Amino acid sequence: MPLRILVADDHEVVRRGLCALLRSQPEWEVCSEASDGREAVEKVMTMKPDVVILDIGMPNLNGLEATRQILKTNPRVKILILTLHDSDQVVQEVLNAGARGFLLKTDAAGELVAAVDALRRGKVYFTPKVAAMVLEGYLKPEDRTTPEPPARNRLTPREREIVQMLAEGKSSKEVAAVLRLSAKTVETHRSNIMRKLDLHSVSELVLYAVRNNIVHMAGPCKSQLRLGGRSLNKN
C-alpha cells in the first residue's frame, strides 16, 4: 500500500512545491491538499491519510488547533508541522498538541522527505536546532523551572477557534456561518472570551492572538496588523 499524505498550506506555491517533492518518492501518494486548517481536518476524516503535513500559520484554523482536532478523532495519524518560527514556546506548543515532527520551512527542500520517512517508520523528526532544544529543555524537566501555562490555555478549543477567526477580521456572522452556530451564540462566546482574558477591544484581541501564536503574521517585519481596513501598529 502506498503511503498516503495530506498537505495543508494556505500558500498555493509552497503547497505545490511540497507535493512535488513528495510525489517524487516511489510508493508515496499525495491523497489530498488543503488550504487551511479547517479544510485539513475535514479532509482527514474522508481521505484517511497516514501522514498529515500542516503549516502552523493557516487561516480559519491554525496548524496547532488542527493537530489537536485531527488527533482527537484519528490518533494513529502522524503529523508534521511546518513553521517559520523555532522559538521555545512554539516548539513546546507543537509537542503539547501531539505532533511528532517539526520542520522549518527554510529546511523543507532538503529535509521534507527524511522527515516524512521518519514519521512513516514510527519515529519523531526535528531539525537539528529544534532537536537540541528538545533534548536540552523538554526532556530534562528537573533542570528547569516549569513555566506557567500560557493564558490562552484557559480558553476552550471552541473559544480558541473563535479568537483566531475574529483576529483574522471575520465578523460574528461570518464566524457563525463557518462554525454552523447562531450569531447570538458567537456573540456570547466573544463576550466570555473578552471577560476571561480581560480584554476590552478587538485591537487587544488581535494582539493577544499574535502574541500567543493563535495567528501568525505574514511578512518579514510583522510590524503592522490589518484590522477592518485600518492598520494597527504593534510598536
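The questions and answers that follow concern a predicted model.

Q: What makes β5 and β6 a pair?
A: Two bridges join β5 to β6; the criterion asks for at least two, therefore these strands also pair. They run parallel, and the bridge partner of G101 in β6 is Y125. On the β4 side, β5 is joined over four bridges, again in the parallel sense, with L82 opposite L103 in β5.

Q: Why are β2 and β6 called edge strands?
A: Six strands form an open sheet in the order β2-β1-β3-β4-β5-β6. Strands β2 (28–34) and β6 (125–126) each pair on one side only, and are the edge strands.

Q: How do you know that both faces of β5 are covered?
A: A residue is buried if its relative accessible area is under 20%. In strand β5 (residues 101–104), G101 and L103 on one side are buried, as are F102 and L104 on the other. Both faces are therefore covered.

Q: What is the span of helix α1, and what is the expected value?
A: Helix α1 (residues 12–23) has twelve residues and reaches 16 Å from its first C-alpha to its last. This is close to the 16 Å expected at 1.5 Å a residue.

Q: Why are the buried residues of α1 said to line one face of the helix?
A: The buried residues of α1 are R15, L18, C19 and L22. Seen down the helix axis, they fall within an arc of 100 degrees, so they line one face. On the other side of α1, V13 and R16 are exposed, that is, over 50% in relative accessible area. The cover over the buried residues of α1 includes β1 (3–8), β2, β3, β4 and α5 (108–120).

Q: What makes one β-α-β unit right-handed and another left-handed?
A: With the strands pointing away from the viewer, a path from the first strand over the helix to the second that runs clockwise is right-handed. The unit of β4, helix α4 (residues 88–97) and β5 is right-handed, so its path runs clockwise in that view. The unit of β5, α5 and β6 is left-handed.

Notes:
Residues numbered from 1 in each chain as written. Predicted model: local features only at pLDDT ≥ 70, side-chain atom pairs only at ≥ 80, totals over all residues. Heavy atoms only, no water. Expected span 1.5 Å × (residues − 1). Buried < 20%, exposed > 50% of the residue type's maximum accessible area, 1.4 Å probe, protein only. Arc of directions from axis to C-beta. Contact = heavy atoms within 4.5 Å.
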